[in-house]
Amino acid sequence: MSEIFANIPTIPYEGPKSTNPLAFKFYDADRIVLGKPMREHLPVAMAWWHNLCACGTDIFGRETADKSFGAEKGTMEHAKAKVDAGFEFMQKLGLRYFCFHDVDLVPEADDIKETNRRLDEISDYILEKMKGTDIRCLWGTANLTGNPRYMNGAASSNSADVFCFAAAQVKKALDLTVKLGGRGYVFWGGREGYETLLNTDVKFEQENIAALMHMAVDYGRSIGFTGDFYIEPKPKEPMKHQYDFDAATAIGFLRQYGLDKDFKLNIEANHATLAGHTFQHDLRIAAINGMLGSIDANQGDLFLGWDTDEFSYDVYETTMCMLEVIKAGGLTGGFNFDAKTRRPSYTPEDMFHAYILGMDAFALGLLKAAAIIEDGRIDRFVAERYASYKTGVGARIRSGETTLEELAAYADKLGKPDLPGSGRQEYLESIVNCLLFS
Ligand code: XUL
Ligand code: CO
């Protein structure tokens, strides 16, 4: 088969001094960091939708990028050409995983039976391609947002018929995920929310979402899916308000409906910032609850109020991300580049530059996070900051042995506490800068 990206070589690692635009400067798959190779710290994945489907449209303009890959768009030949392009792309970059929605893989037909037949055909083709490579599926999902039937939501729709179509899509997407050996299955509640409370029964809708998730778990386990289900929180867009607002909200929902054993979270950087948090905040909240499963690796633009899905370049942010991931003991999922090139970056070279940027940014984040951990000053400072809970009354608070009466008597006796000690934020920030730039 002829090469699709014929003028692009396999991307080598050349180190930070390289000026070759088609080389990694920091992503060195075999380099050992904190005792294991970078490739194991960073299971990196291609997002089928952005990389192989999105052509630079925005609400004011048509396509700028040609992603026909030599075939007529809207045909099964084109669907197969995307598979060919995707596998060549992943192999040239050393990406070991891909993530997909059902409708990324084939053109959706009017009748779901025909869509499903097409999905069977394309997944056979993908499976054939996977042979002889070490490329695997990271996670699959169903697109429950694009079709007009989902205008009021999918599992949260007011229409039971629409709920059934969502269920049918989830069932098929689970079949595909299992067929392709996926490590996870994602629910992003893109239209599971509301435009106005005037027409919305929030409790009813949330119960229905949980019901669909329970059915997905039951079905997934019955067909041999042993991986994690994930909720991908996002506060808004496309809906005015989305129920999976942020990590804390999604965790509360999963616990309320008894889904927390089968589900973890897929945290996306740009969704966390849309919720008014840092990326690190949502990672931390997921991690301390044992629910940090996977990451949609991208970056938002804090000046804009929507999901810009940029490739990450902010090394401060990727460093804080990798600190959280390392401290959580890694991911059950991986790093899915849910990111797209900007509209004016429309050439095939730009697709490669984008992944080189993203992979290098997370590799650099990994190296810098390891440096912060090895340096130890920040961890020591945090441990020391809570030292008053190691002995005496503090230890009794931690062990749950004390009472309000005892503590009130203690306070009476003390009369006035010492100030709690400086937070030393500026000192800690300067340590981070020294480690980032030395
Ligand atoms: C949308 C988004 C989705 C999910 C998968 O903001 O992030 O692409 O990652 O449905
Ligand atoms: Co995403």
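**Salt bridges in a predicted model**

Colleague: In which helix do Lys-92 and Glu-88 both lie?

Modeller: In this predicted model, local features need pLDDT of at least 70, side-chain atom pairs count only at pLDDT 80 or more, and totals for chains, interfaces and linings use all residues. Residues are numbered from 1 along each chain as its sequence is written, and side-chain values use heavy atoms, with hydrogens and water left out. Helices are DSSP runs of H or I with at least four residues, strands are runs of E with at least two, and both are numbered from the N terminus. Lys-92 and Glu-88 are 4 residues apart, about one turn of the helix, and that helix is α3 (residues 76-93).

Colleague: How far apart are the closest N and O atoms of Lys-92 and Glu-88?

Modeller: Both residues are buried, a term for under 20% relative accessible area, with exposed meaning over 50% and partly exposed in between (1.4 Å probe, protein chains only). A salt bridge needs a side-chain nitrogen of Lys or Arg within 4 Å of a carboxyl oxygen of Asp or Glu. Lys-92 and Glu-88 form such a bridge, with their closest N and O atoms separated by 2.9 Å.

Colleague: How many residues apart in sequence are the parts tied together by Glu-108 and Arg-149?

Modeller: The side chains of Glu-108 and Arg-149 meet in a salt bridge at 3.5 Å, N to O. Glu-108 lies in the loop between α4 (102-105) and α5 (112-130), and Arg-149 in the loop between β5 (136-141) and α6 (160-179), so the pair ties together parts whose separation in sequence is 41 residues.

Conventions: Chains lettered and ligands numbered in written order.
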